[in-house]
Amino acid sequence: MKMEIKNGEITAYVEFLQKLNLKSRASRGRTKLIKLLEKKIDEYNTDIASLRDEYFKKDDQGQFIQENGKLVVKDGVSVGEAQAEADKLTNENAVILLDEYEQQIKAMYQALDEYDGELSGTDSTIYDDLMEKLEQAQK
C-alpha cells in the first residue's frame with residue numbers, strides 16, 4: 001500500500017488529521033499516518049535547505065545574507081531559477097508507504113468513511129482527497 005501527496009500539501013493533511021476525533025485502532029492508524037507524513041515533511045525541509053545552500057549567499061559565519069529582508073542569490077543565479085526549483089520540489093509527490101501499518105490504516109479509513117462530524121472549507125477538500133488517496137492505496 002502506498003499513497004502519494006504533494007510535498008507542499010503534507011502539512012495540511014497532518015493538521016486535518018490532528019483535528020479528528022477518532023477512537024482506538026482508527027486513532028492508532030491516524031497516529032501512524034501522521035508519523036509517516038512528518039518524516040516526509042522532514043525530508044522536504046532538508047531538500048529546501050539544500051536548495052537554499054545551492055542558490056543563496058552566506059556570510060563568513062554561515063548565515064544567509066539578506067538585503068531588504070530577502071535572501072541574496074549567488075552570482076550567476078537568478079531569483080527566478082531558485083523559485084522555479086523550489087516550486088518543483090513543492091509540487092513533487094512524496095510517496096508514503098503504508099504496508100507496515102496496513103491494518104491500522106484500514107481501520108482509520110473505515111472510521112473516516114463513517115465519520116459523522118461536520119467538515120467545511122479546506123477540511124472538506126482535504127477529507128475528500130485523503131479518502132480518494134486511501135481508496136487508491138488499497139487497490
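Reader: What relative accessible area does Phe16 have?
Author: This is a predicted model, in which local features need pLDDT of at least 70 and side-chain atom pairs count only at pLDDT 80 or more, while totals for chains, interfaces and linings use all residues. Residues are numbered from 1 along each chain as its sequence is written, and side-chain values use heavy atoms, without hydrogens or water. Buried means under 20% relative accessible area, exposed over 50% and partly exposed in between, with a 1.4 Å probe and protein chains only. Phe16 counts as buried, because its relative accessible area is 1%.

Reader: Within what arc do the buried residues of α1 fall?
Author: Helices (H or I, at least four residues) and strands (E, at least two) are DSSP runs, numbered from the N terminus. Helix α1 covers residues 10-19, and its buried residues are Ile10, Tyr13, Val14, Phe16 and Leu17. They line one face of the helix, because, seen down the axis (directions from the axis to the C-beta atoms), they fall within an arc of 165°.

Reader: Which elements are included in what covers the buried residues of α1?
Author: Contact here means heavy atoms within 4.5 Å. The cover includes β1 (2-6), α2 (24-55), β4 (93-97), α4 (102-113) and α5 (121-137).

Reader: How many residues apart are Phe16 and Tyr127?
Author: Tyr127 counts as buried, because its relative accessibility is 18%. The pair links distant parts of the chain, with Phe16 in helix α1 and Tyr127 in helix α5, and the separation is 111 residues.

Reader: How far apart are the end C-alpha atoms of α5?
Author: The expected span is 1.5 Å times one less than the number of residues. For the 17 residues of α5 this should give 24 Å, which agrees with the end C-alpha atoms being apart by 25 Å.

Reader: What arc do the buried residues of α5 cover?
Author: The buried residues of α5 are Asp123, Ile126, Tyr127, Leu130, Met131, Leu134 and Ala137. They lie on the same side of α5, because around the axis they cover an arc of only 135°.

Reader: Which residues are exposed on the other side of α5?
Author: The buried residues of α5 have a cover that includes β1, α1, α2 and α4. On the other side of the helix, the exposed residues are Gly121 and Gln136.

Reader: With which residues is Asp113 in contact, leaving aside neighbours within four places in sequence?
Author: Asp113 is in helix α4. Asp113 counts as partly exposed, because its relative accessibility is 44%. Beyond those neighbours, its contacts are Tyr127 and Met131.
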